[in-house]
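Have the viewer open and follow along.

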Amino acid sequence: MRRPRALPPELFRTHFTRERGRAHGVGDARMRRSDLGSPFRGIRSPISSPALLSLSDAEAADDYWGELREIALARAEAFRLIMSDRAALSHGTAARWHGMPLPARLEKDLRVHISTSTRQARPRRAGVVAHFAPRDLVTAVERDGLRVTSPVQTWCALASVLTVDELVALGDHLVRRRSPDATLEQLRTAVRRSAGRHGSPRLREAVELIRPRTDSVRESSVRLALVAAGLPEPEVNAPLHDRYGMFIRHGDLAYPRYRVLVEYDGEQHRLDDLQYLRDKEQLERLEAAGWRVIHVLRHHADDLHEAVARVRQALMDAGWHP
């Protein structure tokens, strides 16, 4: 069989609609050749595009979660070519586009989620979930050429599928210490405006537990586990000093009154030798200043009971009583 004729430069290695293909002189027979696939009806994509991969393909990949996110983003990129002007990418799809962390079960959802301003604008296509949510489009933004619901509104929309703890972790991410997407007051305002929507009671509960200045979702999970176990709530990224008042570092989760520090050792500590040595030196200075440091490692993240018990004992040794 002869190799397919080369596509025009304008269509090379990109998604395009059948109409655009025809406009560039590409016939229907050429668009059915084996080097092109169709992630959605009416869209053609290079066969190498992640948009054409299935969940089973991703599960076989070495970098499983990275592959899932790449596939989902590629599918969103392809779908935008046929998305209505009265719609925007939303829910888990918008969260990925904003770089928001999602729980594993939502990372596995490769469908494209959109919100529409009218019921008539909801498309009926395989692999697309359309939500009738006109107020979500009021704050829609352009991001890398795609129309998506804002980070805050995306957080509100996900209340229909997230638990309270997951909403807190995601809200912490939005008001994080470095380059935050929102303020706590913006989240509170959005929660008030979301009264009556599916998941609004969870939003109201979650917003009271969100804390600014966090650095990671795992830190949020540790903090919530400590509070749920009846321990005092730690300060998030509190500035820590030595005995002479000299600043040492910001502590992940600190109990200044009891001089107990809880540090989550994430991926950067394993991959960045310089960061590891810097942290080690700083923590040694804290211990010399009378702080007790409790390390929570990545492999503890799915079962925090042992870490909580160690923090409880450290607080009791320092004079705390339940």
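## Ground rules

This is a predicted model, in which local features need pLDDT of at least 70, side-chain atom pairs count only at pLDDT 80 or more, and totals for chains, interfaces and linings use all residues. Residues are numbered from 1 along each chain as its sequence is written, and side-chain values use heavy atoms, with hydrogens and water left out.

## The whole chain

The chain has 15 helices and 12 strands. Both kinds of element are DSSP runs numbered from the N terminus: H or I with at least four residues for helices, E with at least two for strands. Along the principal axes, the C-alpha atoms fill a box of roughly 80 × 45 × 30 Å.

Of the 322 residues, 47% count as buried. Here buried means under 20% relative accessible area, exposed means over 50%, and partly exposed is in between, with a 1.4 Å probe and protein chains only. As for contacts (heavy atoms within 4.5 Å), take those in the chain with a separation of 6 or more: residues 24 or more positions apart account for 58% of them.

## Helix 9 and its surroundings

Helix 9 (residues 164-174) is mostly covered, with nine of its 11 residues buried. The buried ones are Val-164, Leu-167, Val-168, Ala-169, Leu-170, Gly-171, Asp-172, His-173 and Leu-174. They pack against helix 8 (151-157), helix 10 (184-193), helix 11 (200-207) and helix 12.

## Helix 9 against helix 12

Two packed helices are described by the angle between their axes and the distance between the axes. The axes are lines fitted to C-alpha atoms, for helices over the stretch in contact, and angles run from 0 to 180 degrees between N-to-C directions. For helix 9 and helix 12 (residues 217-228), the axes come within 9 Å and cross at roughly 135 degrees. The two are therefore oblique to each other; the scheme is under 35 degrees for roughly parallel, over 145 for roughly antiparallel, 65 to 115 for roughly perpendicular, and oblique for the rest.

Helix 9 passes helix 12 in a right-handed crossing. A crossing is left-handed if the near helix is turned anticlockwise from the far one by less than a right angle, and right-handed if clockwise. On the helix 9 side, Asp-165, Val-168, Ala-169 and Asp-172 meet Val-217, Ser-220, Arg-223 and Leu-224 of helix 12. By class, the residues of this contact divide into four nonpolar, one polar and three charged. Nonpolar covers Ala, Val, Leu, Ile, Met, Phe, Trp, Tyr, Cys and Pro, charged covers Asp, Glu, Lys and Arg, and the others, Gly among them, are polar.

## More on helix 12

Helix 12 has 12 residues and reaches 16 Å from first C-alpha to last, close to the 16 Å expected at 1.5 Å a residue. That expected span is 1.5 Å times one less than the number of residues. Just after the helix, Gly-230 takes a positive phi of about 90 degrees.

Its buried residues are Glu-219, Ser-220, Val-222, Arg-223, Leu-224, Ala-225 and Leu-226. Their cover includes helix 9, strand 9 (235-241), strand 10 (247-255), strand 11 (260-265), strand 12 (292-297) and helix 15 (305-317).

## Helix 11 and its two partners

Helix 9 and helix 11 pack at an angle of about 55 degrees, with their axes 9 Å apart. That makes helix 9 oblique to helix 11, and the crossing is right-handed. Val-164, Leu-167 and Val-168 of helix 9 make the contact with Arg-202, Leu-203, Glu-205 and Ala-206 of helix 11, a set of five nonpolar, no polar and two charged residues.

With helix 10 and helix 11, the axes come within 10 Å and cross at roughly 155 degrees. This pair is therefore roughly antiparallel, and its crossing is left-handed. Leu-184, Leu-187, Arg-188 and Val-191 of helix 10 touch Leu-203, Arg-204 and Val-207 of helix 11. The class count for this contact is five nonpolar, no polar and two charged.

Ser-45 sits in strand 3 (residues 43-46) and is buried, with a relative accessible area of 0%. Leaving out residues up to four places away in sequence, Ser-45 touches Thr-14, His-15, Asp-35, Leu-36, Gly-37, Pro-39 and Leu-52.

Thr-118 is in the loop between strand 5 (112-116) and strand 6 (128-132). At 22% relative accessibility, Thr-118 counts as partly exposed. Not counting residues up to four places away in sequence, Thr-118 touches Arg-86 and Phe-132.
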